[in-house]
Amino acid sequence: SDPDLVARATAAKAALGDRVFVLGHHYQRDEVIQFADVTGDSFKLAQQAAARPDAEFILFCGVHFMAESADILTTPDQKVILPDLAAGCSMADMAVLGQVETAWERFEDLGITGEIVPVTYMNSSADIKGFVGRNKGVVCTSSNAKRALDWSFEQGSKVFFLPDQHLGRNTAVLEMGFDLDDCVLYDPHKPGGGLTDDQLRNARMILWRGHCSVHGRFTLESVREVRERVPGVNVLVHPECRHEVVRAADYVGSTEYIIKALDAAEPGSSWAVGTELNLVRRMALAHPDKQIMFLDRAVCYCSTMNRIDLPHLVWALEELVAGRVPNQITVDPDTAHHARVALDQMLALP
Ligand code: 13P
Ligand code: SF4
């Protein structure tokens with residue numbers, strides 16, 4: 001990275017001292033992650049944001065839904081900053097509050113809302129988390145989805161899972177022993193979600209038709225190809241991958257899990273990793289004694305995570321030094337209140 005920008009970021013961060021706390025998601029670029037006080041998966045970063053009430057500014061190097069969650073979990077005096085407002089998440093954008101309310105009305109008309117617990121993946125807007133909190137549900141991340149579903153099935157007999165169909169299906173089928181037929185797919189672009197009344201009445205998991213376009217690029221063919229090319233390879237994937245890919249993999253888990261698995265791997269072992277490329281490349285560089293490769297021949301970064309680059313980070317830090325607050329992320333108090341109920345429920349999962 002540009003040495004001049006590195007020097008400017010270092011100086012600005014030093015000038016701010018403990019007033020700023022920089023959080024970095026594992027998919028961030030190397031040039032950004034070097035300035036993070038803490039790195040983590042979505043769950044760890046949510047916990048960390050809540051654990052620093054003395055920091056005036058939380059500089060979030062990640063995407064918009066993570067910064068919103070940080071704003072909800074921090075004190076009213078703390079300011080959360082996202083260095084580039086265009087750092088969104090295409091999966092989170094696939095569930096809009098109006099669409100979700102339309103679905104819920106359909107369930108109400110059928111008389112089944114009393115049995116349904118709404119669960120939203122962290123990768124969703126604060127509006128969606130607020131909806132889930134209002135309806136006595138819970139937020140989950142890729143590191144606690146099974147615990148969130150276990151809790152939900154103690155509260156009701158059905159789960160309405162937003163917005164990642166793959167995390168919902170993979171957790172229910174591969175970790176909880178559900179049948180694929182227990183899951184139905186609610187498509188917000190089709191009348192009635194594209195489901196019959198009977199399908200909704202019989203389903204245990206109503207999955208929202210959302211997905212991650214980065215993880216959606218890994219296919220069963222990617223797994224077959226690498227197993228042929230690299231004998232003995234371990235296939236390690238994120239649960240946002242398609243069901244058939246996760247089923248064919250050897251290990252599945254959040255970004256934090258992936259890092260721990262690779263740190264603990266035997267020297268000389270081979271690993272094909274199905275997640276975002278910044279992370280896979282960083283792990284390959286950190287472990288030259290292990291063969292760590294990307295699960296597909298195609299190269300895929302998360303384009304929105306990548307929007308946070310060193311120039312944006314320098315700009316945000318220097319604005320703070322100058323006494324201005326750039327790109328503050330705020331959630332309106334009513335939404336924040338209900339979203340917090342659903343987030344606190346997640347943080348309290350056994
Ligand atoms: P993790 O919680 O596993 O870091 O995942 C976040 C994410 O956006 C993955 O695409
Ligand atoms: Fe969203 Fe996928 Fe990027 Fe994660 S990798 S932030 S789910 S688009």
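Which residues have the most contacts inside the largest nonpolar core?

1. Ile 58, Phe 60, Val 237 and Leu 313 have the most contacts inside the largest nonpolar core, which has 109 residues. A nonpolar core here is a set of buried Ala, Val, Leu, Ile, Met, Phe, Trp, Tyr and Cys residues joined through C-beta atoms within 7 Å. Buried means that 20 or more other C-beta atoms, placed from the backbone, lie within 10 Å of the residue's own.

2. This is a predicted model, in which local features need pLDDT of at least 70 and side-chain atom pairs count only at pLDDT 80 or more, while totals for chains, interfaces and linings use all residues. Residues are numbered from 1 along each chain as its sequence is written, and chains are lettered from A and ligands numbered from 1 in the order in which they are written.

3. Val 237 is in contact (C-beta atoms, placed from the backbone, within 7 Å) with Phe 218, Val 245, Val 246, Ala 249, Val 252, Gly 274, Thr 275 and Leu 295, leaving aside its neighbours within four places in sequence.

4. Pairing requires at least two bridges found by DSSP between two strands. Strand 1 (residues 20-25) is joined to strand 2 by three bridges, with Gly 24 opposite Thr 39. Five bridges join strand 1 to strand 3, where Leu 23 stands opposite Phe 60. Strands 3 and 4 pair over three bridges, and Leu 59 faces Ile 81 there.

5. Strand 3 (residues 57-61) is largely enclosed by the rest of the structure, because five of its five residues are buried. Phe 57, Leu 59 and Cys 61 lie on one side, and Ile 58 and Phe 60 on the other.

6. The residues around ligand 1 (C-beta atom, placed from the backbone, within 6 Å) include His 26, Asp 41, Asn 123, Cys 212 and Glu 240. By class, this shell has two nonpolar, seven polar and two charged residues. Ala, Val, Leu, Ile, Met, Phe, Trp, Tyr, Cys and Pro count as nonpolar, Asp, Glu, Lys and Arg as charged, and the others, Gly among them, as polar.

7. Ligand 2 has seven nonpolar, three polar and two charged residues in its shell. Among them are Asn 123, Cys 212 and Glu 240.

Methods:
Helix = DSSP H or I, 4+ residues; strand = E, 2+ residues; numbered from the N terminus. Buried ≥ 20, exposed ≤ 12 C-beta atoms within 10 Å, placed from the backbone. Contact = placed C-beta atoms within 7 Å.
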